[in-house]
Amino acid sequence: MGKNTKQQLSAALVTQLQRTPVDKITIKSIVDACDLTRQTFYNHFSDIYELVEWTAKEATAESLKNVADYDNWQHGFYNVMVTIKANRYLVENTYQSAYRDLLEKYIYTVLYQYIIAVVERQAVGMQVAQKHKDFIAHFYSLAFIALIFEWVKDGLKEDPGDIVEQTGVLIQGDFKKALHKYAE
């Protein structure tokens, strides 16, 4: 029941975000929408911040499932952007709120885990210090975050496919090239 209850709370949050900024949403309004108690909410989340983070994590993790390799990184990045667009109200209302840093931190964490998996697969057979692999993942995570947040700030107008394609042109072969330069 735990995951199902979390999903109910998350769905109520997403529904409310379609008409209410995240700063104005209360735990009471969320639990009332689910016909649950405040204690049930607190059994799963410590506050709204944690619910927002869990909701973003679930959506992003689903979009990156089974695409953590170099050949599919563009597909994963595209999936993230499509998920953001599909959850436009959640992202825009969170982006424009005091929760923005939380959103950025969360998206960074998810992207980093995804990118480090791609880097690790590209590094197979090479002797590259972990700090260098971590730096490559950190660099690209920050670049992707900047692209995503610029896109959100501009109202998600540009086609995600175009952004991913342009990014692919810039990145093609760069992970491997960087790893070779760092190889011992």
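The exercises below, each with a worked solution, concern a predicted model of a single chain.

**Exercise 1. Overall description**

Task: State how many helices and strands the chain has, and what share of its residues is buried.

Solution. 
- Step 1. The chain contains 10 helices and 0 strands. Along the sequence this reads α-α-α-α-α-α-α-α-α-α.
- Step 2. Of the 184 residues in the chain, 46% are buried.
- Step 3. The C-alpha atoms fill a box of roughly 55 × 35 × 25 Å along the principal axes.
- Step 4. Among contacts with a separation of 6 or more, 72% come from residues 24 or more positions apart.

**Exercise 2. Helix 5 against helix 8**

Task: Determine how the axes of helix 5 and helix 8 are arranged, and which residues meet.

Solution. 
- Step 1. Helix 5 covers residues 73-86 and helix 8 covers residues 130-153; their axes come within 12 Å and cross at roughly 30 degrees.
- Step 2. Angles under 35 degrees count as roughly parallel, so helix 5 is roughly parallel to helix 8.
- Step 3. The crossing of the two helices is right-handed.
- Step 4. From helix 5, the residues in the contact are W73, F77, V80, M81, I84 and K85. From helix 8, they are F144, L147, I148, W151 and V152.
- Step 5. Sorted by class, the residues of the contact of helix 5 with helix 8 are 10 nonpolar, no polar and 1 charged.

**Exercise 3. Helix 5 against helix 9**

Task: Repeat the analysis for helix 5 and helix 9, which covers residues 160-171.

Solution. 
- Step 1. The axes of helix 5 and helix 9 come within 9 Å, with a crossing angle of roughly 150 degrees.
- Step 2. Angles over 145 degrees count as roughly antiparallel, so helix 5 is roughly antiparallel to helix 9.
- Step 3. The crossing of helix 5 and helix 9 is right-handed.
- Step 4. Helix 5 contributes W73, Q74, F77, Y78, M81 and K85 to the contact. Helix 9 contributes P160, G161, I163, V164, E165, T167, G168 and I171.
- Step 5. The contact of helix 5 with helix 9 has 8 nonpolar, 4 polar and 2 charged residues.

**Exercise 4. Helix 10 and its neighbours**

Solution. 
- Step 1. For helix 7 and helix 10, the axes come within 10 Å and cross at roughly 60 degrees. Helix 7 is therefore oblique to helix 10.
- Step 2. This crossing of helix 7 and helix 10 is right-handed.
- Step 3. By class, the residues of the contact of helix 7 with helix 10 are 5 nonpolar, 1 polar and 1 charged.

**Exercise 5. Burial in helix 2 and helix 6**

Task: List the buried residues of helix 2 (residues 27-34) and of helix 6 (residues 88-95).

Solution. 
- Step 1. The buried residues in helix 2 are I27, I30, V31 and C34.
- Step 2. Their arc around the axis is only 90 degrees, so they are on the same side of helix 2.
- Step 3. After helix 2 comes D35, which has a positive phi, near 60 degrees.
- Step 4. Helix 6 is mostly covered, with 6 of its 8 residues buried. The buried residues of helix 6 are L90, V91, E92, N93, T94 and Y95.

**Exercise 6. The setting of V152**

Task: Decide whether V152 is buried or exposed, and find which residues V152 touches.

Solution. 
- Step 1. V152 is located in helix 8.
- Step 2. The relative accessible area of V152 is 5%. Buried means under 20%, so V152 is buried.
- Step 3. Leaving aside residues up to four places away in sequence, V152 touches I84, V91, E92 and Y95.
- Step 4. V152 and V119 are 33 residues apart along the chain, and their C-alpha atoms are separated by 26 Å.

Notes. Residues numbered from 1 in each chain as written. Predicted model: local features only at pLDDT ≥ 70, side-chain atom pairs only at ≥ 80, totals over all residues. Heavy atoms only, no water. Axes fitted to C-alpha atoms, helices over the stretch in contact; angles between N-to-C directions. Helix = DSSP H or I, 4+ residues; strand = E, 2+ residues; numbered from the N terminus. Parallel < 35°, antiparallel > 145°, perpendicular 65-115°, else oblique. Left-handed = near helix turned anticlockwise from the far one by under 90°. Contact = heavy atoms within 4.5 Å. Nonpolar A, V, L, I, M, F, W, Y, C, P; charged D, E, K, R; others polar. Buried < 20%, exposed > 50% of the residue type's maximum accessible area, 1.4 Å probe, protein only. Arc of directions from axis to C-beta.
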